[in-house]
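Let's take a walk through a protein model, starting with the whole chain and then zooming in. Keep the structure open while you read.

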Amino acid sequence: MKKYWQSIEAYNSLKNNHEIAEDKVSEFSVEGMSEEEKKGETSRRDFLKMLGFTVGGAIVAASCETPVRKAIPYLNQPQEITPGVANYYASTFFDGNDYCSILVKTREGRPIKIEGNELSPISKGGTSARVQASILNLYDNNRLKGPTINRESIDWNTLDTQITEKLQLLAIQNKEIVLLTSTIISPSTKKMINDFLNTYPTAQWITHDAISYNAIRKAHETQFNQAVIPSYDFSKAALVVGFNADFLGTWLSPVEFAKQYSAARKLLNGEKTMLRHIQYETTLTITGGSADERTPIKSSQEKTILLNLFSTLSNSLKGTVYSLSDSSVNVTALANELLENKGQSIVVSGSNDIETQLIVNAINNILGNYGSTLDLAHPSQLKQGNDEAMISLMERMKNGSVGGIIHYNTNPAYNYPEAKKYIDGLDKIELSISFAESMDETAMLCQYVAPDNNYLESWNDAEPKIGFYSMTQPTIKNIFDTRQAQDSLLKWMGATQNYQRFIEKYWEENLFNKQSTHLIFKSFWNQSVHDGIFVSEEKLSANYSFNEAALKATEVSTKKGLELFLYEKAGIGSGNFANNPWLQELPDPISMASWDNYLCISPSLSKQLGLSTEDVVSINNKFEMPVLVQPGLQKDTVAVALGYGRTSAGKVGNQLGTNFYPFIQIKNDLRKTFGSNVNIEKLEGKTYPLALTQTHNTMEGRSLVRETTLDKFTKDPASGNEQHALDAAKDATLYTKPEFTGFRWGMAINLSACIGCGNCVMSCQAENNVAVIGKKEVRNRRIMHWIRIDRYYSEESDNPSVVHQPVMCQHCDNAPCENVCPVAATPHSGEGLNQMIYNRCIGTRYCMNNCPYRVRRFNWFEFANNNDYDYNMNNDVGKLVLNPDVVVRSRGVVEKCSLCVQRIQEKKLLAKKENRQVMDGEIKMACQASCPTDAITFGNMLDPKSEISKVNKNPRNYHLLEHVHTLPSTSYITKIRNKKS
């Protein structure tokens with residue numbers, strides 16, 4: 001068993017491991033130097049100096065200006081570190097919104113990459129784009145470097161003394177102390193918070209989430225007497241019906257759901273049935289794009305449609321008579337399908353309206369889905385935000401009855417709908433504290449900021465579902481002078497133990513007795529930390545008795561006029577990661593835009609109002625926003641993404657887009673992201689540039705993405721792929737095909753599984769040191785991502801079908817790029833890889849012009865060490881995320897997908913060292929390893945037993961642009977939709 005984390009001080013604790021003392025600074029410090037001087041170059045000013053000296057003097061002067069590059073050796077090498085060899089540590093990602101069990105790859109003591117933990121029964125090895133990009137947050141130079149009081153630096157001892165005294169005084173004065181947190185799924189942290197509440201009897205704990213799911217919990221409390229969110233298992237469903245729930249992109253637990261969903265839709269092993277998915281939604285989402293059938297609806301129609309659906313089902317099953325409300329959507333056919341799949345269906349809604357959720361529960365109950373596809377015995381612990389408690393807190397803050405408040409992983413000054421009222425109330429509080437990692441909007445207003453560690457520097461645990469536990473362990477020593485929030489609370493409680501010991505004690509007292517494998521606690525603890533997960537047999541006593549009476553008070557109505565719908569993007573989400581440049585530059589999977597939010601309008605509405613993409617409109621005469629014409633949007637609705645308009649996120653995230661949290665409505669003690677009416681007016685002559693990575697939206701009759709229906713597929717497995725046989729028949733050539741011995745690497749992508757989420761793009765960026773270039777260069781069509789995900793509409797209408805296709809270098813055996821390079825910088829390897837030799841490339845870009853797939857990228861500028869591109873590659877802390885196995889490319893060089901050749905070589909050398917063959921599945925590409933839908937297969941095509949060989953023999957397999965005869969090593973599997981004929 002690999003030993004878990006010890007203090008790794010390989011680069012940031014010179015006094016313990018290195019020869020050079022920390023307090024010694026070289027006289028040749030780079031601080032204050034010009035960019036030329038930092039690079040060892042001579043500035044214009046120095047050149048003029050040289051004119052007054054001899055050549056010899058000039059040489060001496062130039063040499064004196066060259067900064068010293070320190071090589072810092074290990075004197076005491078940590079036992080677990082072997083230079084050049086990666087270590088992996090099991091951990092957990094949870095940012096208050098999304099959960100994922102992960103493995104953290106470290107090199108020489110610094111985390112550089114995140115993979116999914118395949119041992120997890122929840123995330124099962126998958127990740128999301130945000131999980132992948134979270135590694136960059138660790139190295140964000142905008143993080144606080146230490147504690148502050150009124151934005152002035154302070155030492156930890158002084159801060160602890162002052163805060164403890166003030167907390168004790170507030171308790172003596174019987175004044176309320178509020179601990180305001182995001183959702184907490186750590187059982188140890190919950191225990192510690194309860195200890196904190198016992199220490200300070202006037203303290204209260206309130207949970208606030210930026211995007212509220214409170215209605216689901218309240219509805220289950222009303223009907224099942226359990227305030228829970230059930231566990232959903234899409235892999236057990238034959239029919240899924242979604243109502244404004246983007247469960248593959250942002251809703252509740254998208255990585256978990258994507259794994260379940262794709263497992264029921266791949267059809268690679270002879271299956272003849274697949275999950276059928278019907279989606280009703282307002283704006284086009286990742287989930288809607290993947291659906292077999294999709295219907296655009298106004299958000300105010302949702303409750304009416306659901307009530308009619310329940311009434312139709314109830315009339316059929318119980319003979320009761322419910323009258324149907326007026327609706328433009330007929331639900332009879334849907335009801336019949338659901339009745340055919342009783343106990344094998346799921347109906348979900350993303351609405352935070354309690355009456356809507358009551359109807360959804362009633363539908364799932366009448367269909368017998370509870371106890372089958374919905375589980376109340378192992379409910380989700382995510383999304384615990386309490387809207388009613390937050391509204392009550394606002395009133396008490398307004399009245400001045402709150403004496404102190406502590407913010408943990410929450411930023412209400414930005415993301416609460418009535419942020420202005422919250423800020424006003426905060427001014428009346430005697431003691432305000434924030435645990436923010438950076439000086440966010442709420443921390444800016446607090447007296448004390450005790451900066452929390454990044455999760456990769458922290459100990460913690462998690463229980464995302466009842467009975468399912470995972471561990472978080474530090475993979476690096478604190479980069480800055482920060483401290484874990486739990487350790488701060490323990491200090492202020494007067495505890496002597498640290499949080500690591502607190503967790504161990506909690507597990508020993510509460511979890512050790514829930515297993516029987518280990519007789520000694522230390523053995524159980526070490527195994528749990530090593531694996532990152534622990535699954536017990538505990539469960540809640542599920543109460544499936546249903547109270548239908550609550551439905552009688554339901555009222556429905558459909559609003560008239562133009563409605564506003566607010567949503568989350570798969571990248572930026574609620575805005576917590578707004579200062580992450582990787583996520584800002586990630587194209588939205590649907591709109592293909594980056595670096596902004598915008599007002600989405602339908603093609604019908606754009607024609608009606610005379611608007612086009614990049615026109616600017618006024619919204620309610622208060623906001624100005626650019627327009628993006630978005631097919632798939634309901635014609636009487638406009639949509640805007642939340643998470644933008646930050647004012648104190650950092651140099652990357654500040655002032656990007658517009659903050660639309662104030663448009664969230666608070667009704668019946670719940671926050672709703674839909675339904676408010678808006679007026680928009682075109683501002684004549686005014687435009688705003690948007691960074692779009694794709695502007696051609698249809699395939700124009702070309703068979704780039706090939707698809708068929710399940711009915712046709714069951715009759716003919718090659719259905720939809722007839723062009724493959726025609727192109728193969730024409731595949732005549734005078735040239736002999738290349739022959740390979742040993743290895744011939746290839747990749748296949750299952751388009752039925754791919755949902756276009758962007759995780760592979762982020763994973764590739766982290767693995768291969770892909771540069772961020774900024775909005776201006778993205779607009780110039782110079783984005784550097786090695787993988788692009790093309791999104792095509794069947795037509796540019798209000799309800800098109802959508803397909804996604806990841807495209808990277810196809811590694812062609814007859815590659816057009818290879819024979820035009822004048823310096824042989826892109827040769828073909830003996831293992832079928834189209835290589836890129838950077839130090840040969842002279843930047844003619846002949847290869848780019850000759851590539852029919854447009855997958856090569858050119859470094860128009862030097863994106864590292866350049867103040868014009870001030871992202872992670874322009875500061876020493878940000879550069880720590882770089883993978884040392886992949887060179888950082890310089891200006892004038894072409895780059896592209898290498899099929900992670902460094903990973904191939906690593907596993908080949910390991911197999912050679914162990915005197916064995918490379919096993920199938922042992923080598924995983926960065927994009928493949930963390931794909932939440934397992935859409936990518938990679939392996940040796942010369943091995944007839946390999947998975948890639950089996951996939952390539954599948955009649956659904958084809959190559960992109962086969963008629964060009966490039967002989968790609970990357971292939972695609974036709975997309976199948978389960979449509980009703």
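This is a predicted model: local features need pLDDT of at least 70, side-chain atom pairs count only at pLDDT 80 or more; totals for chains, interfaces and linings use all residues.

The protein chain holds 29 helices and 40 strands. Of its 981 residues, 61% are buried. Now think about who touches whom: among contacts in the protein chain with a separation of 6 or more, 73% are between residues 24 or more positions apart.

Next, find helix α7 at residues 187–199 and helix α17 at residues 485–493. How do you describe two packed helices? You give the angle between their axes and the distance between the axes. For α7 and α17, the axes come within 10 Å and cross at roughly 25°. Angles under 35 degrees count as roughly parallel, so α7 and α17 are roughly parallel to each other. The crossing of α7 past α17 is left-handed.

Which residues do the meeting? On the α7 side they are T189, M192, D195, F196 and T199, and on the α17 side Q486, L489, L490 and M493. Sort the residues of this contact by type and you get five nonpolar, three polar and one charged.

Finally, head to H785, which sits in the loop between α25 (775–779) and β33 (788–793). Is H785 buried or exposed? Its relative accessibility is 4%, so H785 counts as buried, since the cut-off for buried is under 20%. Leaving out residues up to four places away in sequence, H785 touches E585, L586, P587, V761, M762, Q765, V770 and R857. With one of these, Q765, there is a polar contact from side chain to side chain, at 3.2 Å.

Definitions and conventions. Residues are numbered from 1 along each chain as its sequence is written. Side-chain values use heavy atoms; hydrogens and water are left out. Axes are lines fitted to C-alpha atoms, for helices over the stretch in contact, and angles run from 0 to 180 degrees between N-to-C directions. Helices (H or I, at least four residues) and strands (E, at least two) are DSSP runs, numbered from the N terminus. Angles under 35 degrees count as roughly parallel, over 145 as roughly antiparallel, 65 to 115 as roughly perpendicular and the rest as oblique. A crossing is left-handed if the near helix is turned anticlockwise from the far one by less than a right angle, and right-handed if clockwise. Contact means heavy atoms within 4.5 Å. Ala, Val, Leu, Ile, Met, Phe, Trp, Tyr, Cys and Pro count as nonpolar, Asp, Glu, Lys and Arg as charged, and the others, Gly among them, as polar. Buried means under 20% relative accessible area, exposed over 50%, partly exposed in between (1.4 Å probe, protein chains only). A polar contact is a pair of N or O atoms within 3.5 Å; within protein, one must be able to donate a hydrogen and the other to accept it, and residues adjacent in sequence count only if both atoms are side-chain atoms.
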